Amino acid sequence: MFGFRGSVGGFNESPHLLLHVADNAVCARVILPNKARGGLWTRLRSARLAHLMSPVLRDMAPAMAKCPGMEPRLILKQRHWRTRNGPRFRDAYLDIDLRTVRGHPESGVKRQPEWMEAVQHVIANKASNLELQVGATFPYSRCPPIRMPNALDHVAAAWIGCRPFIRWLLAA
């Protein structure tokens, strides 16, 4: 995890970047944690999420062109822990392809605004331990460039594509 310059508090209190290397994919995301300071969740309640994600999708387009198989994602998840050191329980996990905001015929992704509306509804009525993630997933099976020596260039390009969202977060 990589924090932003000037961030206050730990990773669970400030937006940060996440690089996750899993068995089936690499993920590069911007994380808005549940306990984010600065009224970010309150601001997000009144933001038009589809309008906030549209520039992210636009800025990720060059990265997607250079890295076939890259998937722009928005993930909303809710977890809880019974004890401080115990296992976590995942109560909800909503993983949306950002291309559903406008549709993307080349990849076969249809325009489906109801997914952003669902996320907007959950955020507007937030009463749980939510985390929002915006970024990209690079599945090994469908994204050959992520298996090449320059894979980190694609990860960096995904984070750079998230710049409109990062700027929004830092404007608080």
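Reader: Which strands each supply at least two residues of the lining of the largest pocket?

Author: They are strand E2 (16-21), strand E3 (25-32), strand E4 (71-81), strand E5 (88-97) and strand E6 (130-139). A strand here is a DSSP run of at least two residues, numbered from the N terminus. The model is predicted: local features need pLDDT of at least 70, side-chain atom pairs count only at pLDDT 80 or more, and totals for chains, interfaces and linings use all residues. Residues are numbered from 1 along each chain as its sequence is written, and side-chain values use heavy atoms, with hydrogens and water left out.

Reader: What makes a space a pocket, and how much space lies in the largest pocket?

Author: On a 1 Å grid over the protein atoms alone, a pocket is an open set of points where a 1.4 Å probe fits, with protein on both sides within 12 Å along at least five of seven lines; lining residues have an atom within 4 Å of a point. The largest pocket holds about 950 Å³. It is lined by 32 residues, and Lys-77, Arg-79, Trp-81, Arg-88 and Glu-131 are the closest to its centre.

Reader: Why is Lys-77 called buried?

Author: Buried means under 20% relative accessible area, exposed over 50%, and partly exposed in between (1.4 Å probe, protein chains only). Lys-77 has 14%, so Lys-77 is buried. Glu-131 has 12%, so Glu-131 is buried as well.

Reader: How do you know that Lys-77 and Glu-131 meet in a salt bridge?

Author: A salt bridge is a side-chain nitrogen of Lys or Arg within 4 Å of a carboxyl oxygen of Asp or Glu. For Lys-77 and Glu-131 the N to O distance is 3.8 Å, so the pair counts as a salt bridge. The pair links distant parts of the chain, with Lys-77 in strand E4 and Glu-131 in strand E6, 54 residues apart.

Reader: What makes Arg-73 and Asp-95 a salt bridge?

Author: Their closest N and O atoms are 2.8 Å apart, so the pair passes the cut-off. Arg-73 lies in strand E4 and Asp-95 in strand E5, 22 residues apart. Arg-73 is buried because its relative accessibility is 12%, whereas Asp-95, at 33%, is partly exposed. Arg-73 also forms a salt bridge with Glu-71 (3.6 Å, N to O). A network of salt bridges links Glu-71, Arg-73, Asp-95, Asp-97, Arg-99 and Arg-142.

Reader: Why is Leu-19 called partly exposed?

Author: Leu-19 has 31% relative accessibility, so Leu-19 counts as partly exposed. Leu-19 is found in strand E2.

Key:
Points joined across faces, edges and corners; volume = space filled by probe spheres on them. Helix = DSSP H or I, 4+ residues; strand = E, 2+ residues; numbered from the N terminus.
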